[in-house]
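Okay, everyone, thanks for coming. Let me put today's model up on the screen, and then I'll talk you through it.

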Amino acid sequence: MNGRTEGPLFAREEQQLVEGLLAGNEDAVRTLYARFARPIFTMGLRLLGSAEAAEELTQDVFLTAWRKAARFDSARGRLSTWLMTIAHNLAVDRLRRETGVTRPTLVLVDEVPEVAGASEEEPLIERDAAIRALESLSRAERTLLARAYFGGLTAREIAEADGIPLGTVKTRLRTALIKVRRANQGKERP
Amino acid sequence: MNCVAVREELPEFAVGVLATRDRVAVERHLQWCSGCRKEAAELGEAAATFALALAPAPLPDDLGERVVARIHEAAGKPGSRRRLRTAAAVAVAAMVAVAGLGWGAVMAGRAERFAERAAQAERQRAAALEQFQGVLRILPFQAAATETHLGQLAPTLALGRGGGAVLQLVSPTQLDFVIVIVNGLPRNPALRPFRIALRNDAGREIGAGTIAELDADGGAEVFRQFVNTDLTGFTTVLVRDVSGQVVLEGTIDQRSSPA
């Protein structure tokens, strides 16, 4: 079992960690937690608005990952992406359930991740790479993605709010995501 | 939904804002379309990058222990039946990951290229069996005499969707067991419970489990241990809905084994 909590993971290591999680291996759970709990908890805070809700989300994410572990395939995607997608889906589902609306509440546009200020007292393994990838976006593109990803606005809602064609919003969303994807491709895991 | 329509939806799918009905339609398409699935994965990775870039908040001190405790409770105590089940599921996870068994293009029923895809699936299955040996060492009941067999489940015309994978261990001296993983089944409660049966050439059937609940992907795992039943010859796997209609069907190849 790989217990490294620093440095990028090989695909095989990610697969082993998930297999360890599925088996209930405590070392695997602790390693996954050490690597990914902070961004999951942070997303919970941003989307759900309270530490209590973020704590519940973090526990639910790891439990859901355990339940779905048999379907994780490291050849198809990174572990961080898989976990953050689970976290985002659970948070959005919770907001929809609690508010009875089809999208979560908006966060302030000022909370869009900044490309500067990557240094933290305890830097996250994935964060520096993510920030570098977002450097490929303009401020307007980051804001657009934030309105959708954190604010839950659909392309149609953004188009109506900004008075621009729906197709334009969809194209801009796609373009922004592709830019990040290309930036990520330059930093593929080992 | 065709590929053009799906790809138009993928950016919103990636950032999680599609309405439930559209999301389900996209997910259904992704189950069999590898091209769209690849693009969805790439856009999803880009969206997750956005979340990973947030300035991290400090974690509560005891949250890690609570996470470990919940997983520990869910997985079961060492030596327990539940832990045995999860250990077996690890083996299946490796099988699915290596072989790509289950919900791939082979199951889409596209007849024009079926032979080619079937051949590809056979190569993947052989590779899975080979790599399976290492994973099987973690199983507490693994023994030299145990034979391991794999199979795929494909949708019947009655349903036309979903798929699955089957792992079967057959041992003359130890307990036999079977694990079935399904995915992509309709979540309509009126169809449940689904019942899984194993059938031999003589037409005798034995139950291998019941699926009462499905997750959001229409998926579930079923495990059954057989104390007094030898599974040799039980090579046909049937998944029926509550009315008895067969919705998934497959064959386990008992001729080859990595053990």
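Reading chain B from the N terminus, the elements go α-α-α-α-α-α-β-β-β-β-β-β-β-β. That comes to six helices and eight strands, where helices (H or I, at least four residues) and strands (E, at least two) are DSSP runs numbered from the N terminus.

Quick housekeeping: this is a predicted model, with local features needing pLDDT of at least 70 and side-chain atom pairs counting only at pLDDT 80 or more, while totals for chains, interfaces and linings use all residues. Residues are numbered from 1 along each chain as its sequence is written, and chains are lettered from A and ligands numbered from 1 in the order in which they are written.

Back to chain B: 46% of its 259 residues count as buried, meaning 20 or more other C-beta atoms, placed from the backbone, within 10 Å of a residue's own.

Now, how many residues of chain A are in contact with chain B? It's 65, against 51 residues of chain B, with contact meaning C-beta atoms, placed from the backbone, within 7 Å. On the chain A side, α2(A) gives the most, with 12 residues.

Last stop, inside chain A: α5(A) and α8(A) pack at about 130 degrees, axes 8 Å apart. Axes are lines fitted to C-alpha atoms over the stretch in contact, and angles run from 0 to 180 degrees between N-to-C directions. Where they meet, A:Arg132, A:Ala133 and A:Leu134 in α5(A) face A:Val180, A:Ala183 and A:Asn184 in α8(A).

Methods
Contact = placed C-beta atoms within 7 Å. Buried ≥ 20, exposed ≤ 12 C-beta atoms within 10 Å, placed from the backbone.
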